[in-house]
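Visitor: I have a model open and would like to know what lies behind the labels. Could you take me through it?
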Amino acid sequence: MSKILNYDLVVVGGGPAGMAAALSAKDNGIPEENIIILERSDRLGGILEQCIHSGFGATYFGEMMSGPEYAQRFIDLVNETKIVVETDTMVLNLTDDNQVICSNKEDGIYAINAKAIVLAMGCRERPRGALDIAGSRPAGVMSAGAAQKYVNIDGYMPGHKVVILGSGDIGLIMARRMTLEGAKVECVCEVMPYSGGLQRNIVQCLEDFDIPLYLSCTVVEVHGKDRVTGVTIANVDEKMLPIAGTERYIECDTLLLSVGLIPENELSRQINLEMDPITRGPKVNEMRETSKRGVFACGNVLQVHDLVDFVTQESQIAGKGAAQYIKGASEPKYVTCKGINGVRYTVPQRIDINNQEEVKIYFRVANVYKDKRVVVTCGGKELWNRKKLKLAPGEMENVFIKPEDLAQMNEGDEIVVSIEEA
Amino acid sequence: MVYDIAIIGAGVVGSLTARALSKYNLNVILIEKSSDVAMGTSKANSGIVHAGFDAMNGTLKAKLNVKGCAMMEDVCSTLFVPYEKNGSLVVAFTDQEMKHIEELYQRGLGNGVPDMEIIDAAKLKELEPNISDEAKGALWAKSAGIVSPYELAIGAAECACGNGVELRRNFTVDAITYENDEFTIKCVCGCEVKAKFVINSAGLGAADIAKKFDGEEFEIIGRLGEYGLLDRSCEGMATRTIFQCPNEMGKGVLVTPTCHHNILVGPSAINVDDGAETSVRVGALREIFATAGKSVPIVSTRDMITSFAGIRAHSTTDDFIIQFATANDHFLNLIGIESPGLASSPAIAEYVEDMVLSVIGKPETNPNYNPSRKQPIIFRELSMEEKEAVIAKDPAYARIICRCETITEGEIRAAIKAPAGAIDVDGVKRRTRAGMGRCQGGFCGSKVLEILSEELGKPLNEMTKFGGESKIIYERTK
């Protein structure tokens, strides 16, 4: 390697997570010129740059703004500092001794020795191939996010008559976006009996435009030789298998897929981070430190978030954790966290009992629940018990663990989050 | 201009034949109805270089398969095409099937297949730890291999075009006439090609082409094969190609590694009427994975990154038919080139070359003949020093476009600029693997479109997935 640089902190990814982590590390005492953000796109902002709809920032800034506006707040803050930003730069490898190998057109391949690394690579959309959709393989089948980029960034229509499979938030947003651009959105099909998106998006993106949402329904076959000419949809049973006799054909030229997001953890796997099979992200402690000391993760690379506001908050924790680690951290003593009774996962998955601050545990539920209680226990002791009118898989939930409760725990104890009868 | 030879069909056989004939001072044209080479059976099959024990003794299939298998390693290394001699296993689950593999072994000996061995369950488990506990034994053929089938066709076409062969795409044969020792091949668009000799290697369309020429009838059955491709994280689930015992519809469902470290599961075998219909049937993948699970229980649709289907041209004679038209020895038909057509393809090309020369006499050799092509740069496989050297020459190799497969802008531009280069998104994908990874082009698709548009000098919204009406985007937004 001809060129090797040295930084205190290398942040991989310049989206909302990476920017917030870098700024937080600076605020927690890391010299700004010793922080570098590596971004593969030609600008900071990540996926927010193509999310031109409103709905960002209500929690964090107390105002509604578009994705680019939300991103710009942080881009401005980064630009006011001496934090180094390298755009058009791809990280090729991470090494076991915290070296980051990256590549761009100006500098070629080079290495950066890092005292700490924050992984903030975001997530990707599940493609068609991962689903069992029969039929031909014409043009006109694409992920909702790819269509969003064609419309909002490149300024081209990816289709005129559209069926959307999956009611994740991007699918819902694109149903409205395509309609506003003059396309006809025939329907949104959701294989689950409930939507995976935010309730507000179902109202504002579908109901306000009279776009039907078919629950427990999926696309079973794609038709068309060169370009999509139609799809066959069918209802599914409780095992999510198509029910014979319920098939119907819908003419369309485009099938958009919003069938799930997968954290992008190629780099995490390269350095053998311990992964959570449910979140598909690394397992982390309350400061978002992974199983490898000095390597942190935050944002959608860790768990797919519903709101960017929570990404920002989580990434500030990771930035602070990285700063503390660089300045010298003590050996942690962990208790583990797990979800049961409909709680699919928790982030963090472990907490250092020496932690002096309140810890927010995020989780998602496996089904739609009404009038239940969220209960947190540790070794038989109840730490949290709140009534919830509604819990849904599309919305992230959270509970808090107080430092005084942590102080009474022993290394190896287990914190359990569960859903109980009200 | 009147070409010396027109080859109809730029699949793996047509392309290798074009390469074989490019050794001579002949004007050769390779005609393809699709927008790219390898768009038919050659792009959607198992990619297996069969050892050659399946075909009956004395058949053309047996002869060309064993010979082609022996030639494949050298052809692939010359053309820089991914190939691996990983060996194959036909697994038996019952005493009956043990007898069947003994038969296959004997047949293989008769066909001249080298390096075969019948192994017991313990040895099988040692070779393939993920094999089913129900397996009793297997026929192990060490000469079998895997090849990237479409890259073999692309490599051969690039080589042929580099040696002066002309590739004409989007040419759908409408009619062929013969007058004054000259064939006139008409395209549906109205244009025509004149040639003194025609090789009909049109795969599934070959019977139709033969009929269009002189009315001669061949019976071809389109046989659909559906597949599921698993993520690279499944590498190692199988290291050899694992067959079950063959049946009357073919070699059954296999589980095999691919040259690109994925695991391929399939194919089904369904006779279809429409040779252009390559849809995956509803529920097919569940059936295929259930069958595959019998030999390798670990495979699951959970790990699938894509599914596809291809059609092989099955001849009712159950053998390759390579013969001149009844009344014209300047029109050579290649009919029923189904499995093991890929394994046989280098031998078929040589066989066809001999047949052509037997009629036209031996032409002068092409003084500029190069059996190879420009070696494609595969960035992800280079050492750090090599990467740095490549980037120093062309910084486009420092910009990663496809993050799943680590494909650079430089590789994509080279694939478009190459002889017989890519002109659409799928063409780029087959040449570089951009879009072949687990996100299946979700992220890099629009970037590939931009590079194509730039290189070809055409607007973004004229770019297609695979030619024809397969446009990816339409007009500008309001």
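Guide: Gladly! In this predicted model, chain A is divided into domain 1 (1-124 + 261-329), domain 2 (127-259) and domain 3 (332-422).

Visitor: How do you know that domain 2 of chain A and domain 3 of chain A are in contact?
Guide: Contact asks for heavy atoms within 4.5 Å. Five residues of domain 2 of chain A meet that cut-off with seven residues of domain 3 of chain A, so the two are in contact. The centres of these domains, over C-alpha atoms, are 35 Å apart.

Visitor: What makes up the area buried between domain 2 of chain A and domain 3 of chain A?
Guide: About 440 Å² is buried there, with 52% from carbon and sulfur atoms. On the domain 2 side, Y194(A), L198(A) and Q199(A) lose the most area, together 77% of what that side buries.

Visitor: Why is the pair K149(A) and E450(B) called a salt bridge?
Guide: The cut-off is 4 Å from a side-chain nitrogen of Lys or Arg to a carboxyl oxygen of Asp or Glu. K149(A) and E450(B) have an N to O distance of 3.9 Å, so the pair qualifies. Three salt bridges are found across the interface of chain A and chain B.

Visitor: And how much area do chain A and chain B bury between them?
Guide: About 4300 Å², 55% of it on carbon and sulfur atoms. K105(A), R137(A) and Y156(A) supply 17% of the area chain A buries against chain B, more than any other three residues.

Methods:
Residues are numbered from 1 along each chain as its sequence is written. Chains are lettered from A and ligands numbered from 1 in the order in which they are written. This is a predicted model: local features need pLDDT of at least 70, side-chain atom pairs count only at pLDDT 80 or more; totals for chains, interfaces and linings use all residues. Side-chain values use heavy atoms; hydrogens and water are left out. Buried area is the accessible area (1.4 Å probe) that two parts lose on being put together, summed over both. Domain bounds come from an automatic or database domain assignment.
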